[in-house]
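Please keep the sequence and the structure in view while reading.

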Amino acid sequence: MNINYEFLKELEDKYGESFYLLFTDVFKENFDEFLGEFREFYPKTYIGYSYKTNYTPRLCEIIYEKGGYAEVVSEMEYDLAIRVGVPPEKIIVNGPYKNYNALNKFLLGGSIVNLDSYRELDDLLLISDKNKEKSLNVGVRCNFQINNDLISRFGFDVEHVDFKSIFDKINNVRNISLKGLHCHFPNRDLESYTSRVEKMLLLIDEFFEKPPEFIDVGGGYFGKMNKELAKQFSCPVPKYNEYAEVIAKKINNHFSNLSEREQPKLILEPGSAVVANTMNFISKVIDIKQIREKRI
């Protein structure tokens, strides 16, 4: 695209003197590159794009067109995914708060709901009892210590005395299917991903007789950025392939004795990692003035 003054003037005449330019080709390239690096190590990898990062409808459509999942944290985002054509079974519902009515809607619609609290577990059991003819698909969000003192607010504390009871309660109900485990932490450094993958694999070995349908290691990946921006962070900014080697390589090694059909899906939930460099804000300069030695 040739972005020059004439082109921007045409857009101003149509949309006003400030607007965003969205580069969907860059978004598609980021998606393909990010996913491709992981599939080099573990072919059964999928992206669940984080709607909360940027839910411009065209971006959400592209994710579905390319075979990705919608990762949503609110009823508004869920409804948007449905409106752009995403089938419910391709929607992953996260977030620390799902009220009863919303949870009922997500579960009966056939989406994957990752439980975040014991209150949600109680609501699940009520919904299950009232809808015994429906199959309900859930995952369990796991919260554990990684490589620092930062405590995430998402999921169940795996060290809590009641943690095992979650699996007992779910497995004892015929129409609830426990599909996998999920985790999410705000850390973006490689070391934190090493910790979370290792602990997720230990939990799978402990609580599943055979591999689950999915392992979801959440989001929080750095995207592409220039050196000046990267210097502002307290840790080195990894590239896509570095994340893939830490995450997908470990997953592949753990399940290498199984056929691809038996292996769990590895789900990643990038947001800024694929969308951060795909949009420019355009604003017109309408005046310049001098205030003492400062030009404004």
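A crossing is called left-handed if the near helix is turned anticlockwise from the far one by less than a right angle, and right-handed if clockwise. Helices here are DSSP runs of H or I with at least four residues, strands are runs of E with at least two, and both are numbered from the N terminus. The model is predicted, and local features need pLDDT of at least 70, side-chain atom pairs count only at pLDDT 80 or more, and totals for chains, interfaces and linings use all residues. Residues are numbered from 1 along each chain as its sequence is written, and side-chain values use heavy atoms, with hydrogens and water left out.

Helix 2 passes helix 3 in a right-handed crossing. In the contact (heavy atoms within 4.5 Å), T24, F27, K28 and F31 of helix 2 meet R58, L59, I62 and I63 of helix 3. This contact of helix 2 with helix 3 has 5 nonpolar, 1 polar and 2 charged residues, where Ala, Val, Leu, Ile, Met, Phe, Trp, Tyr, Cys and Pro count as nonpolar, Asp, Glu, Lys and Arg as charged, and the others, Gly among them, as polar.

The table gives the packing values, with axes fitted as lines to C-alpha atoms over the stretch in contact and angles running from 0 to 180 degrees between N-to-C directions.

| Helices | Angle | Axes apart |
|---|---|---|
| Helix 2 (24-39) and helix 3 (57-65) | about 35° | 11 Å |
| Helix 4 (75-83) and helix 5 (100-109) | about 30° | 11 Å |

The angle makes helix 4 roughly parallel to helix 5, a term for angles under 35 degrees. Helix 4 passes helix 5 in a left-handed crossing, and the contact is made by E75, Y78 and D79 of helix 4 together with A102, K105, F106 and G109 of helix 5.

The largest pocket has a volume of about 360 Å³, and among its 25 lining residues the closest to its centre are S50, K52, F154, H184 and G220. By class, this lining has 8 nonpolar, 11 polar and 6 charged residues. The second largest pocket has a volume of about 280 Å³, and strand 8 gives the most to its lining, with 3 residues. A pocket is an open set of points on a 1 Å grid over the protein atoms alone, where a 1.4 Å probe fits, with protein on both sides within 12 Å along at least five of seven lines, and lining residues have an atom within 4 Å of a point. Points are joined across faces, edges and corners, and a volume is the space filled by probe spheres set on them.

Key. Parallel < 35°, antiparallel > 145°, perpendicular 65-115°, else oblique.
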